[in-house]
Amino acid sequence: MWRAYSDMREANYKNSDKYFHARGNYDAAQRGPGGKWAAEVISDAREGWQGGISGRGAEDTRQDQEANAYGRSGGDPNRYRPQGLPSKY
């Protein structure tokens with residue numbers, strides 16, 4: 001998850017947030033049940049803070065959680081990949 005977060009910050013690419021959410025959760029879940037559990041706990045905590053404090057709104061939080069769950073369930077994060085995001089990511 002940290003790698004996906006770091007890549008998201010480095011890329012600073014418009015509309016890539018959901019891709020990095022899905023990718024981080026996917027990567028964590030690939031490490032086994034503990035990774036999947038940790039990804040859920042971290043994602044829920046982050047979204048709880050983001051939705052409640054940062055003011056980004058309930059709809060953004062819902063969409064982030066959808067991407068988080070999709071990645072954790074083994075879905076291909078590229079579903080959320082924005083066109084033009086460098087292949088490095």
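Guide: A crossing is left-handed if the near helix is turned anticlockwise from the far one by less than a right angle, and right-handed if clockwise. Helices are DSSP runs (H or I, at least four residues), numbered from the N terminus.

Visitor: What kind of model is this?

Guide: The model is predicted: local features need pLDDT of at least 70, side-chain atom pairs count only at pLDDT 80 or more, and totals for chains, interfaces and linings use all residues. Residues are numbered from 1 along each chain as its sequence is written, and side-chain values use heavy atoms, with hydrogens and water left out.

Visitor: Which hand is the crossing of α1 and α2?

Guide: α1 passes α2 in a right-handed crossing.

Visitor: And which residues make the contact?

Guide: On α1, R3, A4, D7, M8 and A11; on α2, D17, F20, R23 and G24. Contact means heavy atoms within 4.5 Å.

Visitor: OK, new topic. What makes up the largest nonpolar core?

Guide: That core has 9 residues: M8, A11, Y19, F20, A22, A67, Y80, L85 and Y89. Such a core is a set of buried (under 20% relative accessible area, 1.4 Å probe, protein chains only) Ala, Val, Leu, Ile, Met, Phe, Trp, Tyr and Cys residues joined through side-chain atoms within 4.5 Å.

Visitor: Which element gives the most to this core?

Guide: α2, with 3 residues.

Visitor: What does A11 touch?

Guide: A11 touches F20, L85 and Y89, leaving aside residues up to four places away in sequence.

Visitor: Which hand is the crossing of α2 and α4?

Guide: Right-handed. Among the residues in that contact are A22 of α2 and A67 of α4.

Key. Helices (H or I, at least four residues) and strands (E, at least two) are DSSP runs, numbered from the N terminus. Buried means under 20% relative accessible area, exposed over 50%, partly exposed in between (1.4 Å probe, protein chains only).
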